[in-house]
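Have the backbone torsions to hand as you read.

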Amino acid sequence: QVQLVESGGGLVQAGGSLRLSCAASGRSLSNNAMYWFRQTPGKEREVVAGISWSGATSYYLDSAKGRFTLSRDNAKNTVYLQMNSLKSEDTAVYYCARGRSPSVVKTPTPSNWGQGTQVTVSS
């Protein structure tokens, strides 16, 4: 069974940066696309970014394009979300998730989720 553990969340001022990490244990992630979702109270969880098993293909929410970068290190079984130029509307709980296929898709139905990490951007 895969366990995903996120870290790197916190409080940052608007315009600042954070780097989220998602470390997996129990199983290799090298055959799966990986995703970051986020959720705010009263709203549905939305996909922020996704990356294919090799890292060659990625997907970003329109509002994240040009500001967020998703990368992965399969040797370390870890994925990273670098978030720059953060805005107050980026405030949410961010979740790491393992995709069911090697390819990234726009509407994934993950097989595993992390516990989430809070990102708060103050304006």
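A word on labels before we start: helices (H or I, at least four residues) and strands (E, at least two) are DSSP runs, numbered from the N terminus. What you have here is a predicted model, where local features need pLDDT of at least 70, side-chain atom pairs count only at pLDDT 80 or more, and totals for chains, interfaces and linings use all residues. Residues are numbered from 1 along each chain as its sequence is written, and side-chain values use heavy atoms, with hydrogens and water left out.

Start with the sheet. Strands of a sheet pair through backbone hydrogen bonds, either parallel or antiparallel. Two strands count as paired if DSSP finds at least two bridges between them. By that rule there is an open sheet of four strands, ordered E1-E3-E8-E7, and the pairing is antiparallel. Its edges are strand E1 (3–7) and E7, each of which pairs on one side only. Going from one strand to the next, the twist averages 15°, with axes taken as lines fitted to C-alpha atoms (for helices over the stretch in contact) and angles running from 0 to 180 degrees between N-to-C directions.

Now zoom in on E8. On one side, six bridges tie E8 to E7, running antiparallel. How much of E8 is buried (under 20% relative accessible area, against over 50% for exposed and in between for partly exposed, with a 1.4 Å probe and protein chains only)? Five of its six residues are, so E8 is mostly covered by that cut-off.

Most residues other than glycine have a negative phi, and most peptide bonds are trans. Asparagine 77 sits in the loop between strand E7 (68–73) and strand E8 (78–83), a hairpin with four residues between the strands. With a relative accessible area of 14%, asparagine 77 is buried.

Serine 85 belongs to the loop between E8 and strand E9 (92–98). Its relative accessible area is 40%, so serine 85 is partly exposed.
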